[in-house]
Amino acid sequence: MNTETKNAILITDKDAQYDERAKRLLGQKSILAHILVKTVDEFMGMNPKDVISYIEGEPFINTVPVEPGLTNTVVEKDSQRVVGFNSENQEIHEGTIRFDIIFYVRMRDGLSQIIVNVEAQKDEPEKYEILNRAIFYVSRMISSQKEKDFSNSNYNDIKRVYSIWVCMNMPENSLEYIHLVKDSLVNSHAWKGKLDLINIVMIGLAEELPEHEEKYELHRLLGALLSQNLSVNEKLNIIGNEYDIPMEEDFREDVSVMCNLSQKIKETGIEIGKKEMIVKMHSKGYTIAQIADVAGMEEKRIEEIIKNEELLPA
């Protein structure tokens with residue numbers, strides 16, 4: 001396998017590892033609490049530390065399938081049929097799409113619950129329109145509740161759902177709320193039911209970190225957490241000092257590993273870019289010495305790259 005191909009595989013693998021670490025960091029309850037305070041009306045204005053206790057159990061991270069028929073699992077417990085999120089037998093569902101993060105949140109009344117999904121995207125995808133995917137996700141979160149959160153025709157027991165999308169590398173910082181509304185076209189009737197069952201929140205993160213002000217408070221936190229440019233110490237300083245988030249050892253480790261992955265991704269990308277330039281210059285007749293001077297590399301290394309390229313089958 002030629003070096004270019006190896007590098008391409010390596011950078012893809014590092015991207016996958018980066019994504020996994022990003023999900024783990026976003027899945028920390030202290031981070032999720034900050035997201036809930038800025039996106040869910042029930043918790044707006046609260047101290048994020050007080051919201052942590054409302055997050056029930058441990059969030060499911062990259063384990064619950066989105067696809068119809070796979071989201072829930074049925075088990076027998078004490079001779080009773082119990083339906084819950086399917087986080088078992090992952091190898092059976094290899095290759096399926098999974099919710100990045102999904103969890104239950106208890107409301108302040110102590111009785112009702114909502115289901116929250118958080119998705120991380122490196123950028124806005126080109127092959128499909130992201131809002132369409134978000135609508136599919138909230139629809140699955142609603143339909144998968146049958147026989148898990150409500151049974152038979154007890155539709156009044158459907159829980160509110162939130163799908164919150166954190167999109168990095170956007171042109172500007174943004175926060176938008178998408179939900180159902182009712183328009184009366186001919187007269188008006190007070191139809192019974194809840195328009196607030198389906199909720200989508202789109203969070204756009206610009207590459208440049210905003211100043212710490214109330215308007216961009218969440219953007220600065222998430223931007224620092226997921227940045228590929230800040231150092232470990234810079235991230236920990238912002239997260240720990242500005243947001244008073246406790247730094248447990250595993251949290252520090254995930255931040256450190258993700259920073260290292262970010263650097264490797266950038267370095268590998270630069271390396272691949274240089275090789276493409278070297279091959280192109282060689283094909284145009286530049287000498288080894290000229291290419292080495294432009295690339296800032298030793299002539300021996302230039303020769304190795306060109307040799308590897310010439311060994312590729314046509």
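**Notebook: helix packing and salt bridges**

I began with helices H5 and H6, whose crossing is left-handed. I keep in mind throughout that this is a predicted model.

Next I turned to helix H2 (residues 29-39), which packs with helix H5 (residues 217-226) at an angle of about 150°, the axes being 10 Å apart. I note H2 as roughly antiparallel to H5, because of that angle. The crossing of H2 and H5 is left-handed. On the H2 side the contact is made by Ile31, His34, Ile35, Lys38 and Thr39, and on the H5 side by Glu217, Leu218, Leu221, Leu222 and Leu225. By class I list six nonpolar, two polar and two charged residues for the contact of H2 with H5.

I wanted to see the spacing of such contact residues in context, and wrote down that an α-helix has 3.6 residues a turn, so residues three or four places apart point the same way.

How many of the 11 residues of H2 are buried? Nine of them are, and I therefore record H2 as mostly covered, on the basis that buried means under 20% relative accessible area. The buried residues are Ser30, Ile31, Leu32, Ala33, His34, Ile35, Leu36, Val37 and Thr39.

**Salt bridges**

I then went through the charged pairs, for the structure holds 13 salt bridges. In one of them the side chains of aspartate 100 and lysine 23 meet, with 3.4 Å from N to O. This pair links distant parts of the chain, since aspartate 100 is in the loop between strand S3 (80-85) and strand S4 (101-106) while lysine 23 is in helix H1 (residues 3-26), 77 residues apart. Are its two ends buried or exposed? Aspartate 100 counts as buried, at 6% relative accessibility, and lysine 23 is buried too, with a relative accessible area of 13%.

Lysine 29 lies in helix H2 and glutamate 58 in strand S1 (residues 55-61), so the pair ties together parts that are 29 residues apart in sequence. Lysine 29 is partly exposed, with a relative accessible area of 21%, whereas glutamate 58 counts as exposed at 60% relative accessibility.

My next pair was aspartate 149 and lysine 159, which form a salt bridge whose closest N and O atoms are 3.6 Å apart. Both residues lie in the loop between helix H4 (130-143) and strand S6 (160-170), so the pair ties together parts that are 10 residues apart in sequence. Aspartate 149 is buried, with a relative accessible area of 16%, and lysine 159 is buried as well, with 14%.

Methods: Residues numbered from 1 in each chain as written. Predicted model: local features only at pLDDT ≥ 70, side-chain atom pairs only at ≥ 80, totals over all residues. Heavy atoms only, no water. Axes fitted to C-alpha atoms, helices over the stretch in contact; angles between N-to-C directions. Helix = DSSP H or I, 4+ residues; strand = E, 2+ residues; numbered from the N terminus. Parallel < 35°, antiparallel > 145°, perpendicular 65-115°, else oblique. Left-handed = near helix turned anticlockwise from the far one by under 90°. Contact = heavy atoms within 4.5 Å. Nonpolar A, V, L, I, M, F, W, Y, C, P; charged D, E, K, R; others polar. Salt bridge = Lys/Arg side-chain N within 4 Å of Asp/Glu carboxyl O. Buried < 20%, exposed > 50% of the residue type's maximum accessible area, 1.4 Å probe, protein only.
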